Structures are given as structure tokens and as C-alpha cells.
Amino acid sequence: MRALTHSLLVLAALWLAGAPQAAAQDGSAGERAAARELLDHGLEASRDGRWTEALENFEQSYALTNENATLVNVADAQAATDQLMAAIASYERFLERARRRDARLVPGAQEALAEVRARLPRVVIRVEGLRGGDEVWLDDGILDHGELDTPRAIDPGDHTVTIARGGASAAEESFQVTEGGDSEVLVDANPRGHAAPDPRLAPDPAPTPGESVDDGGGSVLTSPWLWIGVGLVVAAAIVIPVAATSGGSTPAETYTGSLGAGVLTFR
């Protein structure tokens with residue numbers, strides 16, 4: 001942190017000394033005055049350790065004038081808030097655009113860039129059951145399938161890998177990495193569970209003792225086969241006694257069975 005504070009103090013001195021000369025090149029006088037005020041607020045916040053506030057002021061100052069030197073302040077604050085990937089990009093952008101009046105900041109920016117790179121953790125993401133159409137999300141960004149199974153730099157802190165399949169999440173794995181560490185994350189994207197059975201194909205449950213069997217056509221008492229059987233039994237009860245009592249030349253008699261007199265006559 002001592003090297004970062006030193007670069008901030010040097011930058012402030014260069015800014016104040018070079019502002020009048022650079023005003024015509026990098027925005028109007030009003031914009032530069034506002035940018036300088038934001039820079040001062042950011043420096044004050046950084047000295048108090050309020051790096052999130054400092055970062056906001058530095059970014060707003062840079063947006064007003066696009067002053068290349070302010071990128072060093074932005075990068076310092078990003079590094080202090082564990083946004084290491086963004087800090088590296090800011091340092092590299094500053095070095096690519098460095099001009100003569102930025103020369104005194106170049107060595108400090110190069111040193112800070114090397115320090116931040118050393119702090120970066122690396123992670124290997126592996127996915128089991130990955131399909132060709134799956135999307136692999138690391139936080140808010142999509143990874144190419146070719147980026148899996150190889151170490152990649154990442155900011156320290158909490159992260160989440162999500163496998164998107166057919167518009168839904170097929171798997172999700174959260175993990176945490178620390179500065180300078182190497183980690184490996186395994187995500188299981190194989191289908192889980194089985195589809196619920198279709199109740200239309202399920203066998204009928206066995207009847208409990210004493211329960212009448214329903215063949216799907218209603219109650220047993222409504223079955224036509226039951227009443228046909230009852231009719232046959234009644235007819236047999238009538239025919240058998242008649243056959244036993246009739247025969248030969250016996251005069252005809254009127255049989256009065258259970259059905260009433262005169263219903264059946266045999267000769």
C-alpha cells in the first residue's frame with residue numbers, strides 16, 4: 001500500500017503543476033476544474049482508507065477529461081478494492097497511452113502492475129456431463145467450452161459457475177478464492193432424478209379385503225351378467241319341479257309355482 005500511496009501523491013503534484021498547460025488538450029477549463037476537485041476528494045478518501053469512495057471520485061474525474069494519468073489513481077483504487085482484473089486493465093491502458101509528461105509515473109505503474117498480477121488467484125473449472133449447447137456462466141460472463149479445464153485468473157472473493165441448458169439452470173456451483181491461491185471447481189451437470197411416472201400407466205391397486213371389485217363399468221349390482229345369472233337360476237328352479245311332476249298321459253294340470261297361478265300350462 002505504501003507504493004500505491006506514493007504514486008497517488010506524485011500524480012497529484014504532476015496534475016496541479018501541469019493542469020494549465022494541458023487544459024486546451026483535455027477538456028474545457030470548467031471540466032478540468034471539476035475533475036481536479038474530484039481528484040482531490042479521491043486522494044483524501046484514499047488517505048483515510050475509504051477506497052470505494054476514492055474509486056468513485058477517480059472514475060468520475062477520468063470521465064470528465066480522459067486524462068491518462070488519472071488511470072493510475074483508478075487502478076490503485078481498483079487494486080485496493082480487490083478488483084484486480086480491472087486494475088490490471090487500467091494499468092496496462094495507462095502504460096500503452098503514456099506520454100512524455102506521464103514519464104515519472106511509468107516506473108511506479110509498472111511495479112504496481114507486477115504486484116497486482118502476483119496477487120491474482122487462479123482457478124480451473126471442470127464440468128461433468130457438459131453438452132454441446134450448454135452455456136457456462138462464470139458470474140455474469142459466458143465462458144467458451146475451450147476455456148474449461150485450464151487455469152484462469154480471477155478476482156479474489158465469492159464466485160458462481162452456472163450451467164444453462166435449454167433456458168434453465170442445469171447445475172450451479174458456488175466457490176471462494178483467495179489472493180495468490182490455486183483452486184479447482186468441479187460442476188456436475190449430469191441430469192438428476194427421474195421423471196415422475198404417468199398415473200395413466202400405473203397399475204390399479206389391489207382391492208382391500210371386503211372391497212368389491214370394480215371393473216371400470218360401475219357397481220357390481222349394475223352388472224348385466226349378474227342379473228342374467230339370477231334369471232337362469234330362477235328358470236332352473238321352475239323347470240326342474242315341472243319336469244319331475246309331468247309325464248305320460250297324466251291329465252294336464254295348471255302349475256302354480258312361485259310366479260302365480262296360470263302363468264305356465266303343460267299338456
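Helices (H or I, at least four residues) and strands (E, at least two) are DSSP runs, numbered from the N terminus.

Ground rules next. This is a predicted model, in which local features need pLDDT of at least 70 and side-chain atom pairs count only at pLDDT 80 or more, while totals for chains, interfaces and linings use all residues. Residues are numbered from 1 along each chain as its sequence is written, and side-chain values use heavy atoms, with hydrogens and water left out.

**Entry 1: overview**

I looked up the element list and got seven helices and nine strands in the protein. Of the 267 residues, 31% are buried (under 20% relative accessible area; exposed is over 50%, partly exposed in between, with a 1.4 Å probe and protein chains only). I then checked the accessible surface, which comes to about 16,700 Å², with 55% of that area on carbon and sulfur atoms. Those areas come from the Shrake-Rupley method with a 1.4 Å probe, and for residues only the protein chains shown count as cover. For contacts (heavy atoms within 4.5 Å), I took those with a separation of 6 or more, and 55% of them join residues 24 or more positions apart.

**Entry 2: H3 and H4**

How do H3 and H4 cross? Their axes come within 9 Å and cross at roughly 155°, with H3 covering residues 51-65 and H4 residues 70-80. H3 and H4 are therefore roughly antiparallel (over 145 degrees; under 35 is roughly parallel, 65 to 115 roughly perpendicular, the rest oblique). I noted the crossing of H3 and H4 as left-handed, meaning the near helix is turned anticlockwise from the far one by less than a right angle (clockwise would be right-handed).

On the H3 side they are Trp51, Leu55, Phe58, Glu59, Ser61 and Tyr62; H4 brings Thr70, Leu71, Asn73, Val74, Asp76, Ala77, Gln78 and Ala80. By class, I get eight nonpolar, four polar and two charged residues in the contact of H3 with H4. Here Ala, Val, Leu, Ile, Met, Phe, Trp, Tyr, Cys and Pro count as nonpolar, Asp, Glu, Lys and Arg as charged, and the others, Gly among them, as polar.

I also stopped at the loop between H3 and H4, where Asn66 sits. Phi of Asn66 is near 55°, a positive value in a residue other than glycine. Asn66 is partly exposed, at 40% relative accessible area.

**Entry 3: H5 and H6**

The axes of H5 (residues 84-97) and H6 (residues 106-119) come within 10 Å and cross at roughly 155°, so H5 is roughly antiparallel to H6. This crossing of H5 and H6 is left-handed. From H5 the contact takes Leu84, Ala87, Ile88, Tyr91, Glu92, Phe94 and Leu95; from H6 I listed Val106, Ala109, Gln110, Ala112, Leu113, Val116, Arg117 and Arg119. The contact of H5 with H6 splits into 11 nonpolar residues, one polar and three charged.

**Entry 4: single residues**

Is Val136 buried or exposed? Val136 is in strand S2 (residues 135-138), and at 0% relative accessible area Val136 is buried. Not counting residues up to four places away in sequence, Val136 touches Leu130, Gly141, Ile142, Leu143, His145, Leu148, Val161, Thr162 and Ile163. I checked Ile163 by C-alpha: 27 residues away from Val136 in sequence, 4.9 Å in space.

Glu172, in strand S6 (residues 168-177), is exposed at 51%. Beyond its neighbours within four places in sequence, Glu172 is in contact with Thr160, Val161 and Thr162. I put Glu172 and Trp137 at 9.3 Å, C-alpha to C-alpha, and 35 residues apart in sequence.

Ala45 belongs to helix H2 (residues 29-47) and counts as buried, at 0% relative accessibility. Past the neighbours within four places, I found Ala45 in contact with Arg50, Glu53 and Ala54.

Phi of Asp149 is near 65°, a positive value in a residue other than glycine, and Asp149 is partly exposed at 44%.

Terms used. Axes fitted to C-alpha atoms, helices over the stretch in contact; angles between N-to-C directions.
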